[in-house]
Amino acid sequence: MATVRLDQKRHALVRAVPDSYPEALARFFGSGPTDIATARAQHQAYRQALLDNGVEVTVLPADHAYPDCIFVEDQAVVIDGHVLLPVPGHPSRVGEQPPVADFLVRQLHGGRLCRMDGEARMDGGDLLRLGNLFFVGRSTRTNDAGIEELRLLLDHLGYELRVVDIPENALHLTSISSTPTDTDLFIPEGYLTPEDFGPLPEGCTVHVMPAEEVYGCSTIGLPTGRVIVAEGYPTVLATVEAMGLEPLVLDMSEIRAGDGSLTCCSIFYSTPGQNESE
Ligand code: CIR
């Protein structure tokens with residue numbers, strides 16, 4: 001059975017769906033959300049799935065001035081108790097950050113706080129972790145200056161960072177790939193190739209999914225060993241089962257309509273003493 005990452009996922013910060021959610025940016029998976037009640041019900045089911053599987057969830061109130069504010073993953077990066085606050089890659093999303101930042105700063109407990117500035121741009125959704133190896137998407141939201149600032153933090157922590165170019169028909173690295181465990185990488189055919197990630201550590205497996213299941217490639221491995229997958233992606237589902245893991249299927253249709261994948265709705269973090277796998 002594959003190893004599931006147990007660290008880093010003790011807590012999740014999520015943010016409620018704003019009244020303005022139908023105005024969310026949507027250029028890739030969806031043409032914009034239309035049913036806010038369904039979006040809220042799906043978000044509630046998502047939160048419950050985390051809670052039911054060993055994750056403590058904090059819900060920040062929505063800011064109705066920011067239609068995309070539920071996609072907290074983009075606003076901050078937390079690595080082993082250190083926080084990096086990027087300059088979000090889309091100008092309309094910059095104002096979402098302060099409450100997310102304030103909350104995370106209160107969880108720091110001695111970790112570093114790094115803030116990007118100047119020309120650097122990055123969305124947290126471009127960062128993917130496979131065990132001790134990190135990948136960053138170079139995308140319409142994340143530029144080279146942002147990547148170099150991220151590299152400074154990872155160098156300090158002793159981690160390797162590799163850059164993956166995101167194709168024009170995709171938003172972020174985590175929109176189209178995920179690591180449901182510390183040794184498994186899901187990617188969609190026609191968008192990314194195993195070679196894009198370079199040689200992986202021994203024991204790691206790249207699972208290439210059909211192009212039409214690109215949205216399903218975003219999954220979340222939970223502390224209980226279950227894996228959240230979006231409804232409607234049979235190859236992804238069968239792959240999780242074949243890995244010996246139990247899938248937890250969520251309907252994400254109205255989150256997808258706003259170009260949000262499973263991981264975008266959370267920032268996962270641990271507090272001191274909780275970083276080690278158990
Ligand atoms: C946006 O375009 O910024 C939002 N509508 C979707 C953000 C999705 N976030 C993510 O993939 N990490």
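Here's a quick rundown of some strands in this model and how they pair up. It's a predicted model, so local features need pLDDT of at least 70 and side-chain atom pairs count only at pLDDT 80 or more, while totals for chains, interfaces and linings use all residues. Residues are numbered from 1 along each chain as its sequence is written, and side-chain values use heavy atoms, with hydrogens and water left out.

- β1 covers residues 11–15; strands here are DSSP runs (E, at least two residues), and helices are runs of H or I of at least four, numbered from the N terminus.
- 5 of the 5 residues in β1 are buried, meaning under 20% relative accessible area with a 1.4 Å probe, protein chains only.
- Both faces are covered, with His-11, Leu-13 and Arg-15 on one side and Ala-12 and Val-14 on the other.
- β1 runs parallel to β2 (residues 56–60) over 5 bridges, where pairing takes at least two DSSP bridges between strands.
- Within that pairing, Ala-12 has Val-57 as its bridge partner.
- The chain gets from β1 to β2 through helix α1 (residues 36–51) in a right-handed β-α-β crossover, that is, clockwise from the first strand over the helix to the second with the strands pointing away from the viewer.
- β1 also pairs with β15 (residues 267–269), antiparallel over 3 bridges, and Leu-13 sits opposite Ile-267 there.

**The β3-β4-β5 sheet**
- These 3 strands make an open sheet in that order, with mixed pairing.
- β3 (77–79) and β5 (113–115) are the edges: each has a single partner strand, so one side of each lacks a neighbour in the sheet.
- β3 and β4 (residues 82–85) pair antiparallel over 3 bridges, with Val-77 opposite Leu-84.

Notes
Buried < 20%, exposed > 50% of the residue type's maximum accessible area, 1.4 Å probe, protein only.
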